[in-house]
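Please keep the sequence and the structure in view as you follow it.

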Amino acid sequence: MIPEPAERVAARTFPVAELRRRLAARPEADWLRNLRGSALASVEAKGLPTRRDEAWKYTDVGALGVAAYGAAEAPVGTPPAIKSLTETLQLVLVNGFLVTPGPEVLPAGVSISRLDASISAELVQARLGGVLSPEGKPFVALNTASFAEGVVVRIAAGTDVETPIELISLGLPGGEPVAFHPRCLVVVEAGATATLIERHCGKGRYFSNGVVEVALADHATLRHYTLQDEAADAVHVGTLGIALGKESRYEGVVVHVGARLARHEVHAGIDGDRASFSLDGAYLGSAQQHIDNTTWVTHRAVGGNSRQVFKGVLDEQAKGIFQGKVLVERDAQKTDAHQLSKALLLSDRAEMDGKPELEIYADDVKCGHGCTVGDIDEKALFYLRARGIDEETARALLIEAFLAEVMEQIAVGPVREAFAAVVGQRLGGAHLIRRTDDHW
Amino acid sequence: MPMATNNEAPLLEIRNLRAKVEGREILKGIDLTIPAGEVHAVMGPNGSGKSTLSYVLAGRDGYEITDGTVLYRGRDLLALKPEERACDGIFLAFQYPVEIPGVTGFNFLKTAVNSVRRHRGESELDAMQFLKLVRKKAADLGVGEEMLKRAVNSGFSGGEKKRYEALQMALLEPRLMILDETDSGLDIDALKVVAEGVTRMRSPERGMLVITHYQRILDYILPDRVHVLAHGQIAQSGGPELAHELERTGYAQYAGQAA
C-alpha cells in the first residue's frame, strides 16, 4: 500500500497535545478521566479514518481539513433565541456548551442534567461510553476525549412523557472555524415513553462531531426525530448508539437538509427479546453536498424487529451514501429485519452509492434489503403539468411525495409539520433544492 | 397572463398536423376545426392515432411535430408548455389517470386550481374557500370526502379515476375539453355520472373533443360532428348519425386507407 504523504497524515491528526493539556486542566471524576484518556490514546494512534478504512470508503471527513479547526470556547453573551418547533422542553448547546439552564419545571419523572454536574452519578458512569464504545469508532473516540459539556436525560420507570425534549446544537464560530463535540446520554427506564427532538443548525464554518447514546430498558419507548440542518459550510458527523432492552421500541427519523458533508452513523443493538427498532431517513442534497447514512443493526435476541427506510433526493453534484449492515446472530431466531434505500437523482452529475448488507447466522428469520436509484416519474410530472401546475412546482410536489413515506413516520403532528416545512422550503424557487443558512 | 386571443377565430383549428413518436409517423396530416360551443367526436380503431392526437394537443414530451399548425383561439398552441395550455383552458381527461402516491388529492387540486386562477388574474383561494368549492363540485360527481384525502388516483377503481378526472375538469373550468377514451373501464352507471358532469359544462364558449373507440359514450355526450380517424388522418366526417353507422359497420372499411 502506498503511504500517504506526510502533510496528508498531519491534516488527519488532531492536535493531541492540546487536547491532553485541556483534559488535564479539567476537574473530572477518575472514571471519566480514564474513559477520556483511553479515547485520547486511540485518537493519537489512529487520527481520522481514511478511505482505506472499509467503514469510511465513501466518506473522507479528513479531506475537508477539520483537524485544523480550533477547539470551540464557551460562548459569551446572550444565546440566540431559537424558535421551538412545538411546545417542548428545550435545551440549547452553542458550540457544544450548554447555554440555557434548561426548563425550570420538568414533568414528573423527567430529569435533565448537565453532564459535568452529574458526572459521578452511578447511572452515567455505567452508561456513558457503554452504549457506544469508542473502540473502532474514531469520531466517537474524538468526541469522548473532547466533549466540553453534555446533557443527560433520564426518564423514570413507568413515566409517559408527552412533551418532547428538544435538544438544539448550534454552531456559531466567531471568526475562525471551530470544532465541537456535543454529547448526550438518554436513559429511558423500564416501561417509560418519551420523545426526543434533535436539531443541528448554525452559521459559518465549523465541525460538529456529536454523539448520542440511548439506553432503552425493558418495555421502554423512545421516539427520536433528528433534523440535520447545519450551515452550508459545516461538516457534521453524528454517531448514535441505541441499546434496546426486552420489548422496547425505538422509532427514529432523521432528516438531512444541511451541511457540506454529513455522516449520520447509527449503531443499534437488539439486546432484549422482541425489541423493535425502526429508523427512517430522508435527505436532500444539492451543490457539492455529501450525505452519508451508515447503520449497523445487530440482532442478538429472539423475535426482534428492525426496519429501515432511507430516501434521498440528489441534485447538481450532490452525493449520497447508504451503508446499512444488519447482523443477525445465531441466537436471534424469529428476527424480522428489513432495509431499503431509494434515491432520486435529479442531475447527471449527482451520485448515489448504496451498500446494504445482511449477515445472518440464525436459520429462522425474515430478512430483506433493497436499493434503488431513479428519476422523477415523467408520467406523473406530465399529469400535474396538464393540470396547470408549473414544472418546478410539479417536481417539488413529486419530491415531497417521494419523501412522504419517511416523513409520515414522525408520529408527533407538529414535529412532522415543522420538519416537512423545512424540507418544503428547500424545494422550489430558482433552484430545485435551495440552500439557505438562516431560517432558524 | 391571459393570452391575447382572437374571438373571431375557431376554438381549435388543426391544419395538416403531422407527428412522429420514436421516429415513426403516427399523425399523417390531420385537419380538424372545432368552433366554440360544439362537441366533436373523433372515433377510430386502436392504433389510429387517437391518443397521440390528445397528447400532442396537451403538450406531452416525446412527440415530434414534423408539419402543420394547431391554433387555439387563434394562437399557436404548439409553442406553449403543457401547464400554459392548461392555464389557458385546455383540459385533457386522461385515458389512464396517473397514480401519484404521496400527493394528497386535496393538495393537488388546490395547487392546480390556484395555478389556473393566478394565470387568469384571479385571487388564489385559501384552504377554507377551496374546501367549500371542492365539496360542492365533488358532491355533484359522487366523489366522497374520503377520496379527496387519499393520494391522487392511488388505489382508485376505474370508475373512481374517471369521476376524479371529471371533478378536476369541473374545478378548472376549461374552454376546450379533450376526453381521451373516457368510457374505457367504466360501467354504465359510472359512465352516466361522468357524462352528466361533462354535459353540465357545455356552453356557447366551450368546445369538446371526445376521443373514443365506441359509440356508447356519444349516447350521453351528444356530438355535433363525428370524425373517423384512420391511419393518422381524418378519413370521414359527418353528423351524429355517422357514429351509429360505425357501430353497425365497424372500422373494417377504413382498414385499407393507409396514407
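## Cysteines

A:Cys367 is partly exposed, with a relative accessible area of 23%, whereas B:Cys87 counts as buried at 7% relative accessibility; here buried means under 20% relative accessible area, exposed means over 50%, and partly exposed lies in between, with a 1.4 Å probe and protein chains only.

## How the model is read

This is a predicted model, in which local features need pLDDT of at least 70 and side-chain atom pairs count only at pLDDT 80 or more, while totals for chains, interfaces and linings use all residues. Residues are numbered from 1 along each chain as its sequence is written, chains are lettered from A and ligands numbered from 1 in the order in which they are written, and side-chain values use heavy atoms, with hydrogens and water left out.

## Salt bridges

The count comes to 39 salt bridges over all chains, where a salt bridge is a side-chain nitrogen of Lys or Arg within 4 Å of a carboxyl oxygen of Asp or Glu. One of them joins A:Glu213 and A:Arg183, with 2.7 Å from N to O. This pair links distant parts of the chain, as A:Glu213 is in strand β10 (residues 206–216) of chain A and A:Arg183 in strand β8 (residues 183–188) of chain A, 30 residues apart; helices (H or I, at least four residues) and strands (E, at least two) are DSSP runs, numbered from the N terminus. Both A:Glu213 and A:Arg183 are buried.

Another salt bridge is formed by A:Glu405 with A:Lys311, whose closest N and O atoms are 2.7 Å apart. A:Glu405 belongs to helix α7 (residues 391–407) of chain A and A:Lys311 to strand β17 (residues 305–314) of chain A, so that distant parts of the chain, 94 residues apart, are linked. A:Glu405 counts as partly exposed at 31% relative accessibility, but A:Lys311 counts as buried at 5%.

## A helix in chain B

Helix α3 (residues 105–119) of chain B has 15 residues and reaches 21 Å from its first C-alpha to its last, close to the 21 Å expected at 1.5 Å a residue, the expected span being 1.5 Å times one less than the number of residues. Among its buried residues are B:Phe108, B:Leu109, B:Ala112 and B:Val116. Just after α3(B), B:Gly121 takes a positive phi of about 80°.

## The largest pocket

The largest pocket has a volume of about 730 Å³. On a 1 Å grid over the protein atoms alone, a pocket is an open set of points where a 1.4 Å probe fits, with protein on both sides within 12 Å along at least five of seven lines, and lining residues have an atom within 4 Å of a point; grid points are joined across faces, edges and corners, and a volume is the space filled by probe spheres set on the points.

Of the 28 residues that line the largest pocket, A:Glu400, A:Ala401, A:Phe402, A:Ala404 and B:Gly102 lie nearest its centre. The largest share of this lining, nine residues, comes from α7(A).
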